[in-house]
Amino acid sequence: MTRSQPNLAFAEIDWDGASEGVEPLATIHPYPARFISLIPDSLLGQFSKPGMNVLDPFCGSGTTLTSALRAGCSATGIDLHPIACLISRVKTRSYGDDELHNIRAHAGMPIASQVVSRDLVSAIPKVDHWFGLEVQQALRDIVLHIELCESLNEREALMCALSRIIVRVSRQESDTRYAAIEKSIAYDDVIAQFRRSVADLCSSLFAGRIPAGPEAMILNRDILGIEPSDLRGPFDLVITSPPYPNAYEYWLYHKYRMYWLGYDPLFVREREIGARPHYFKKNHQTAEDFERQMHHLFGLLKAVTTPEAPLCFVISDSIIHGVTVDNRALMGRAAAGHGYRLKEATLRRIPYTRKAFNPRVSPRNSEHVLVFERGVAS
Ligand SMILES: C[S@@+](CC[C@H](N)C(=O)[O-])C[C@H]1O[C@@H](n2cnc3c(N)ncnc32)[C@H](O)[C@@H]1O
């Protein structure tokens, strides 16, 4: 399943030529700025051996983790975002036939309609603005249906299937457009969409089955609050893509998913590195703040990796208040502060069709692939 190009030197790898859709688990849930699996596959092909311990400190939807498990490595991921961790857990589990069969069975099960109660929905701000009344009732019934499942793996797969449809059944125009538009969606439409989502999710889990082995460790934490003792190091390889300053708001993208699934979006909003609002409020953050956060990260990585471990980063430049920030140079300074030096670097072109970012805040037609290693004297 690995699509790396292991016999090529780093500079010879076709970083631009990635084709999507090969990894069946890639699309089990939308996720902004997700890796194409070619990136972790190629880095694993360059730097990993089976049995190695791989870390992604911003694991998002778990692309590095699935690639690492397929390459025979152990995998640890950290992400602030509970939806990211949910997707990563669902993706990285090694399911048995019976388990997948049981999950799929929910695509055909009746969903009991409960007496209308406002308990769950009353905690959701502007719920009547974003969700029709029948949609609210259906979502609430699905949430209660999921809560009744005894198996954690089953419950989380169903939560993932529900999360996939939340924006579609809301009045939000699309995943990346936050305007409310009128959609006529009835109770039965929501139930039908949930059933289809369960069936589709199961097909992807069947097709992309992760080989049996140790489970990935996934921590739903703020990376800036992680202590080395929280992790099962030492790690032999780090592959990650940090949140680019002022480029995106992961919490906003998943805000209503979090409310319906019982998570707290405000906790995420306050701690999210790089989130756009941090760069616009009074006393707003700057590129220097991001550099300090990355400096902190390199300190943590130094404490939890082996001296030989390559630290691989994928990052675009940012635009903050009209000024382009050279994130390759910024990461270089943050790394150098802990005795790391740039070993490999390339600029990968991103095909236009994958351009999910606003060009005013990120020149997202290219991204740097950077590999740092510890200097001899450090
Ligand atoms: C570029 S995305 C990673 C995408 C990932 N490579 C994938 O394939 O899905 C950056 C991630 O950093 C996470 N993040 C932002 N602030 C964080 C923080 N303070 N601690 C941990 N994770 C954070 C975001 O939730 C997001 O998932």
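The legends below describe close-up views of a predicted model. Local features require pLDDT of at least 70 and side-chain atom pairs pLDDT 80 or more, while totals for chains, interfaces and linings use all residues. Residues are numbered from 1 along each chain as its sequence is written, and side-chain values use heavy atoms, without hydrogens and water.

**View 1. Domain 1 and domain 2 of the protein chain.** Domain 1 comprises 10–91 + 226–251 + 264–374, and domain 2 comprises 97–207 (bounds from an automatic or database domain assignment). Their C-alpha centres are 30 Å apart.

**View 2. The area buried between domain 1 and domain 2.** About 1,100 Å² is buried (accessible area, 1.4 Å probe, lost by two parts on being put together, summed over both), with 64% of it on carbon and sulfur atoms. On the domain 1 side, I28, L86 and V90 contribute 43% of the area buried against domain 2, more than any other three residues.

**View 3. The salt bridge between E156 and R89.** The N to O distance is 2.9 Å (criterion: a side-chain nitrogen of Lys or Arg within 4 Å of a carboxyl oxygen of Asp or Glu). One salt bridge is found across the interface of domain 1 and domain 2.

View 4. Oxygen atoms of the ligand lie 2.8 Å from a polar backbone atom of F35 and 2.7 Å from a polar side-chain atom of S61. A polar side-chain atom of D222 is 2.9 Å from a ligand nitrogen atom. Of the 610 Å² that the ligand exposes when taken alone, the protein buries 100% (Shrake-Rupley method, 1.4 Å probe).

Technical notes. A polar contact is a pair of N or O atoms within 3.5 Å; within protein, one must be able to donate a hydrogen and the other to accept it, and residues adjacent in sequence count only if both atoms are side-chain atoms.
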